[in-house]
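Here's a quick tour for someone meeting this model for the first time. Have a look at the sequence and the structure, and then we'll walk through a few features.

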Amino acid sequence: MTISDERKRQGLDLLSEKMTGKLRTHLNSCVHCGLCGESCHYYLTYGEDKYLPGHKVDLIAGIYRRYHTLMGRVAPSWIGAHDLDDERIDEMIDVIYGGCAMCGRCTLHCSVGVDISFLVRTARSMLAAMDLVPASLQSTVDAAVTTGNNMGIPQKDLVDTLLWLEEDLHMEPGFEHAEIPLNRKGVNVLYTLNPREPKFFPMSISAMAMVFHAADESWTLSTDYYDVTNYAYYSGDDGIAAELVQRLFNEAGKLEAKTLVLAECGHGPRAIRWEGPRWIQTPYPFRALTVVELMAEYIRQGRITLDPAKNRETMTLHDPCNLARDGGVIEEPRFILKHAAANFIEMTPNRENNYCCGGGGGQLAMGEFAERRLRVAELKADQIRRTGAKIVVTPCHNCIDQLMEVNKEYQLGVKIKTMAEVVADALVLR
Amino acid sequence: MGTIIIDEREFEVDGDGFLQDPHIWDKEVAQLLASHDGTGELNDVHWKVINFIREYWLENDMAPMVRALCQAAGIRLREVYELFPMGPAKGACKIAGLPKPDGCV
């Protein structure tokens, strides 16, 4: 595609703006050992050089060398410097958006410690500055900006759904007085949602309401800003990413919540908890943690009691990349499953070495690259199949949707569940 | 983005298999899409859900909440996932000929 010089300039300006010591160091450090290839589910699937994480580094490092080093200006070909031309831009869109899940597995395994996903995101930021975010991903970002949630759910529809769920909950024995409180001030927990829950898969909301009820928690949902996702993290647009975090930050302040609890999601907690304070340049005055950690805390403190015998089917765990490898929430889901499931089997590899489900990095939203997304998931399908498990539990709604498709595509015959559902099923009320 | 061929009929679809042009949809297309994704033969309850989704979309330019379609079709939440193994979005909405919704679906 032909990109005007002015737009190219915007991409290069973005790179200059982001040029910190950290970025410079990572851009200069790849030693081209190629070991990253074996970490990457794209490279392992296709075996093509273009998917090598090191090659993705080169795409942006070449541009850096061309415009930010003396040698790059006078003798570019000697040092692998490369113009930001139309061809390079096409290549970047193809693999930086379409061939990387920003799962960070290569970063963990890099022989010299290059933060490859940080460089990929920086490259995405350049593309975003040139207005080149794939349309489907951009439309999810736009929905979040203009409507307050990434699926464009009108507030009335949300409220109707939550009231309906609460009514339904009252029919469950032991939950006759369980609540789904809305916009309540001064509570301990402000809970968040992936918009996909109220829109299409609300069982996890009911499940969490049951867990909160059993733990006797003071909690609330906001009907203004509740979206735990932040697709601008994946599009690369820091301005919008900050805006989305700011809204949740303000909401927690408005409702005077002591704890912001992030729903089952990978990139959301990554964006909100770890990148957020830097994006909005304000430390959080409240505690922010994931619902997985919160449920583990409930068990540890004896606030909820679980009976693993209530979940007898063999169960395995898929670690969401942003939550486990990049967010350190690794032992908590295992601790929970030890208490909530009778037959838990690890898939191999697991924990920080787990493979991406294929849906990360915004891939699930990007229909443009859907064929690749399913093909690279064969690794994950094999991992699941080898466990022989009947249920795959994963604390991320994005992973869940991808795994539902993987389940069908590779005929795994498993059920896919959220962590909250598994915990709710195991609850013993006192 | 791509084409799929079901029973010798060719459809332009996006990467996720949603119809590129939602307006070519009719009942025959719905049944073909349902056979293609493993939903199978559409029964009266399927049709209640699909027709509601279709009408809602034509009026509001977006997919309905799962609550609304349960209430309109007179079914319990659990039944939606049994009726449409691919779920309300990639199952029911796709069969109803809607474009792919934004977000984690």
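## Confidence

Within chain B, the element with the highest mean pLDDT is helix H2 (residues 44-60) of chain B, at 97, while strand E1 (residues 2-6) of chain B has the lowest, at 88. Here pLDDT is the predictor's confidence in each residue, from 0 to 100. Helices (H or I, at least four residues) and strands (E, at least two) are DSSP runs, numbered from the N terminus. Chain B as a whole has a mean pLDDT of 94, with 99% of its residues at 70 or more. For the complex, the predictor gives an ipTM of 0.94 and a pTM of 0.96.

This is a predicted model: local features need pLDDT of at least 70, side-chain atom pairs count only at pLDDT 80 or more, and totals for chains, interfaces and linings use all residues. Residues are numbered from 1 along each chain as its sequence is written, and chains are lettered from A and ligands numbered from 1 in the order in which they are written.

## Domains of chain A

Chain A splits into domain 1 (5-132), domain 2 (137-299) and domain 3 (306-428), with bounds from an automatic or database domain assignment. Between domain 1 of chain A and domain 2 of chain A, the C-alpha centres are 34 Å apart.

## Where the chains meet

Chain A brings 29 residues into contact with 20 residues of chain B (C-beta atoms, placed from the backbone, within 7 Å). On the chain A side, H20(A) gives the most, with five residues.

Notes. Contact = placed C-beta atoms within 7 Å.
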